[in-house]
Amino acid sequence: MPILATLPKPNLFTSAPPIPKINDTPKRKPLPPPIPIPKYQPKRPKSPPKPPALKTFHRRTKYHKPVSEGVISSEADGRSIILGENGVSYLLPEAPFEFQFSYSETPKVKPIAIREPAFLPFAPPSLPRPWTGKAPLKKSKKKIPLFDSFNPPPPGMKGMKRVEMPGPIPLGKFPKEGKTREEILGEPLTRKEIRELVKPHLSSNRQVNLGRDGLTHNMLEMIHQHWKRQRVCKVRCRGVPTVDMKNVCHHIEEKTGGKIIYRVGGVIYLFRGRNYNYRTRPQYPVMLWKPAAPVYPKLIQEAPEGLTKEEADELKKEGQNLQPICKLAKNGIYITLVKDVREAFEESPLVKVNCKGLEPSDYKKIGAKLKELVPCVLLSFDEEQILMWRGRNWKSMYEKPLSLVSSSFTDSGILPLSTTSVSHGIVASAGEIPSQSDLSQKPDSDQSCEPYIKPIVKTSVSSPKMMALWQRAIESNKALLLEETDLRPDALLEKVEIFEGQSQAVEHSYPALLLPNGIDSTEMEDQEDESEEEDDDDEDEFDDFEDNGIRDELELSAPPGSLPLDSLVKQLYLE
């Protein structure tokens, strides 16, 4: 401590330290609150299990079950699913026929597998009410009468739409309750009645649209809803079903019980019947969802019918450079497609149809229809185009080759070049071989020469109208009938050039002037000059026709007074 003593101010602290308090506690961070106790909802009573048909959708699954013809599944109450000639159908007790999703677009080929479990797409017989959060409503004490077509509400009733009475009924008769289709339709409609029924619906938008699925099961109830207030239901068809409209019309009449009274293009006007009553209509259960389509055999095979794989590949290569006969529009009307393909097969063994813009399922369905209706063999669907081959057993639509020359020309020994083809004295026809009786010696020649074959003339008489047109063309020097048929190309071209020059000379020539006996040509010229001067005087009276070139261009196509307009003007003038 001697060192501290020597210091001038030995105080080491600048200020006195604070006096600690006895009750002062150090500050601490607040502790987090405890974990809250979870509040669990009270247990609800378990609802009855849902039917398997109302579970998740099965289309996106990889379900694949091979099936065979017969009953696929059945229930205790008699409801079953059947696989038969019409594909997958549903049989319900007391049903008038087997129900299907589509009646008109079901392929005729039997399916080989299904893509979803076999469930009926209808509501089960006992279905509990689903929970909506509210108590079910009490039953109304009002008794709402069923709609009766024979006793409709008055037209002036508030909130009621216009309803058409049964009919049309002839004078002195009344509608009668009918059970069969013939009783409901009644007597056949007259042309006047059909015109009166169809006319209001020509420009109406109230219609049933029939698309790629064809006539579906739920459309039957829709058609009856239209028949509830009007006598005619308008059905507009578009897309794939229009390839075979006869099939669509057959199923519509068969399943609904109506009568098609008018059809234009893809629009059908369906009449309900003279004695139709909405109250006694057939009632069908409604499908709750669209069933998944079953699996069918492939349309395109590696070795199609009557071909090997190599031959099919060669036909496909030839079809790549082939021009399509038509282009199908989306949701179009393909009524003439089958006829166009048949006519195209008359010229070429391969036919292609352009389907760009259509759904793949659509043009595959069209190809399947063409395979049955034409018939033909499908080769490919590459590049959204249908390539078809007419097959080995193809037969022409025409029994005889078309000819425009009658047998009267052959009687005179004149053969047209367009009907026969002669080579070395033999007339070439469609697969015909001359018989031994046609072989004879050529006249006026040595007996040692080769036998001479008589020409065989095979002609077919066309329509009288066409023959008259050909006869008129030949008489007016607008057509040429060749006497020689064994001409070479150069000789034929020479004759064509000569005929072309003669026809042009005749066309641009003027009629000759024929003078009767005893009249000099100078007198006729003087008369013509006088008539021309009179015409000039008449022309001066009209100022509108100053240009003689316009008058020269005007040519009369018919003699004056021969047109119907002339008789009408004359009649008005007399009145």
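Student: Let's start inside this model. How do the residues lining the second largest cavity divide into nonpolar, polar and charged?

Tutor: Happy to start there. This is a predicted model, and in it the lining of the second largest cavity comprises 3 nonpolar, 2 polar and 1 charged residues.

Student: Which residues line the second largest cavity?

Tutor: Look for H217, N218 and E221, together with Y284, P285 and V286.

Student: How many cavities of 30 Å³ or more are counted?

Tutor: The count is 2. A cavity here is a space where a 1.4 Å probe fits but cannot get out.

Student: What volume does the largest cavity have, and which residues line the largest cavity?

Tutor: Its volume is about 60 Å³. The lining consists of L299, Q301, P304, E305, K371, V377 and L378. By class, that gives 4 nonpolar, 1 polar and 2 charged residues.

Student: Now to a single side chain. Where is E253 placed, and is E253 buried or exposed?

Tutor: E253 belongs to helix 5, which covers residues 245-256, and E253 is buried.

Student: Which side chain of opposite charge is nearest to E253, and how far away is that side chain?

Tutor: That is R181, 4.3 Å away. A salt bridge needs a separation within 4 Å, so E253 has none.

Student: Which backbone nitrogen does the side chain of E253 reach?

Tutor: The backbone nitrogen of I260, at 3.0 Å.

Definitions and conventions:
Residues are numbered from 1 along each chain as its sequence is written. This is a predicted model: local features need pLDDT of at least 70, side-chain atom pairs count only at pLDDT 80 or more; totals for chains, interfaces and linings use all residues. Side-chain values use heavy atoms; hydrogens and water are left out. On a 1 Å grid over the protein atoms alone, a cavity is a set of points where a 1.4 Å probe fits but cannot get out, and a pocket is an open set with protein on both sides within 12 Å along at least five of seven lines; lining residues have an atom within 4 Å of a point. Grid points are joined across faces, edges and corners, and a volume is the space filled by probe spheres set on the points. Ala, Val, Leu, Ile, Met, Phe, Trp, Tyr, Cys and Pro count as nonpolar, Asp, Glu, Lys and Arg as charged, and the others, Gly among them, as polar. Helices (H or I, at least four residues) and strands (E, at least two) are DSSP runs, numbered from the N terminus. Buried means under 20% relative accessible area, exposed over 50%, partly exposed in between (1.4 Å probe, protein chains only). Lys and Arg count as positive and Asp and Glu as negative; His and the chain ends are not counted. A polar contact is a pair of N or O atoms within 3.5 Å; within protein, one must be able to donate a hydrogen and the other to accept it, and residues adjacent in sequence count only if both atoms are side-chain atoms.
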